[in-house]
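Dear colleague,

I am handing over the structure below for your review.

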Amino acid sequence: MKRVISLVLAMLLMVSAMAGCSGGSESASSTGGSAASGEPREDITIAIYQDIKTLDPHNSGMTIDKVVYQNVFDCLLNQYEGEYEKVLVDDYTMSEDGTEYTFYLKQGIKFHNGEELKASDVVFSMERAKTSTNLASYTSCIDTVTATDDYTVVFKLSKPYVPFLMSVAGFVPIMNEKATNETDNVNYNPVGTGPYKFVEYATGQYVKLTRFDEWHGGTAPIKDVTFTVLADTNSSLMAVESGDVDMTYSIPSIAVSSVEENPELQIQLIPTIGSCYIAYNIEKAPFDDVNFRLALACATNREEIIDVALDGMAESTDVLWTDSWAGDSDIYKPVTYDVAKAQEYLAKSDYNGETITYVAGSDEYKKIGVVLQEQYKAIGVNMEVEQLETNTWVSDMMNGNYDITFTGMSFDMDVDLWKNALHSSAIGGYNFSRLNNAEVDAAFDNGTSILDEAERAENYAVIEKVLYEEAIVIPVYFKVSPCVYNANLQVNRTYPLGFAKVADLEWIA
């Protein structure tokens, strides 16, 4: 099933893409700092929309944490536009049956503490990731990981794992064994092989990094980086307009057109893999009633949500993943917006008019809740809307301490990776709906080792059937990330999470 993009958004994307390749406006002045005449700046301030939770890359499930730590750590590979780039390795091989991978490390790569990257660091990182709540589902396929010499690592899998390169080699950051074991606080003392090394963290305020001049990838164009926390979208917009920050990924959606008209700024609207949906605790009445869930699904007007709450800045979808994802079957269709049908389902349910509580973890999600409140009221469902502090909200979702909410997940483009939000083993983690279905679990467990694409998609169709016919969640849109930045800044790459790496940014002299 294809993702639907409005004509207006498509036009904005075309304009912003051309702007992103232009290298900036000659008439725009540098803001947020100065440099000698004819020399590019070497510092940058980037606004992030919430405080980080941790810089331990193995124990974070938050996108905003990755926006920071992806500049500090490297993975064995980097996936970009469907291709795998060799980052820490000269080469790698896979056995014919898909159960053994061998990686040959580049020699001379330095960690930020001066130690050389060795195969033992890779083994340490993978073994550590196997015990991580956030990475265990990716690394559970690994039977053994062994350093056969200082620069060779052999992974033996318990069975073929189709997304291995994507979800292990290209996803698990490599940490320095010595630094990790000796630090008193691994959460805020990261040591990697990336282009930037950690300088300072101030809770709720900022994270500072500086260029690692011995980075194996060369010399990053920008030296000093500050990620500053600006939770309010209006404040973030004013900061980038005034030059107090040089880049932000968070502005009021209604401000897109005004930003485009500002010669001192550029904007890219980045389509992302962030799949956003309505979730509810299906263990809890009335959400344990399939007819009640179907009533809500039929009463959900996606276009109105996007237009009213997001000012049109999203890609409407009625599925969690599309045919761009490996393993998608596109067989089962969700129910569509139909108020009359919603009322029929509600009449068949056990709902008796009780008030349900929608909890939001951000201003944007609260706006969505207010729209949903009116949509559900139209079919006779009473819903109140509350907003929680972000970390409290996440904790409540994980513990099942809620009725209904709105959330988003960004998993790389293979259906298997959605097990982190839908497999029963993820209850207590990111399986907010608390789905516990033996057929779904079996499909996830079996699908990873099916090499034939058509057979694999047929296997995962079982999951889509349960999701959509039982309305386990209600998909609404794919997130579009607004990247707004100083016109003298050049953005050479962005990624499907909706962000850029600092090494891919440079000032125009």
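The side chain of Thr 180 comes to 2.7 Å from the backbone oxygen of Asn 176. This is a predicted model, in which local features need pLDDT of at least 70, side-chain atom pairs count only at pLDDT 80 or more, and totals for chains, interfaces and linings use all residues. Residues are numbered from 1 along each chain as its sequence is written, and side-chain values use heavy atoms, with hydrogens and water left out.

Thr 180 belongs to helix H6, residues 177–182 (helices are DSSP runs of H or I with at least four residues, strands are runs of E with at least two, numbered from the N terminus). Thr 180 counts as buried because its relative accessibility is 12% (buried means under 20% relative accessible area, with a 1.4 Å probe and protein chains only). Apart from neighbours within four places in sequence, Thr 180 is in contact with Phe 124, Arg 128, Met 175 and Val 186 (contact means heavy atoms within 4.5 Å).

The second topic is strand S17. Strand S12 (residues 265–280) pairs with S17 in the antiparallel sense over 11 bridges (pairing requires at least two bridges found by DSSP), and Cys 276 stands opposite Tyr 477 in S17. Strand S13 (residues 314–316) is also antiparallel to S17, over three bridges, where Glu 315 has Phe 478 as its bridge partner. Strand S11 (residues 247–248) pairs with S17 in the antiparallel sense over two bridges, and Thr 248 faces Val 484 there.

Yours sincerely

Notes. Buried means under 20% relative accessible area, exposed over 50%, partly exposed in between (1.4 Å probe, protein chains only). A polar contact is a pair of N or O atoms within 3.5 Å; within protein, one must be able to donate a hydrogen and the other to accept it, and residues adjacent in sequence count only if both atoms are side-chain atoms.
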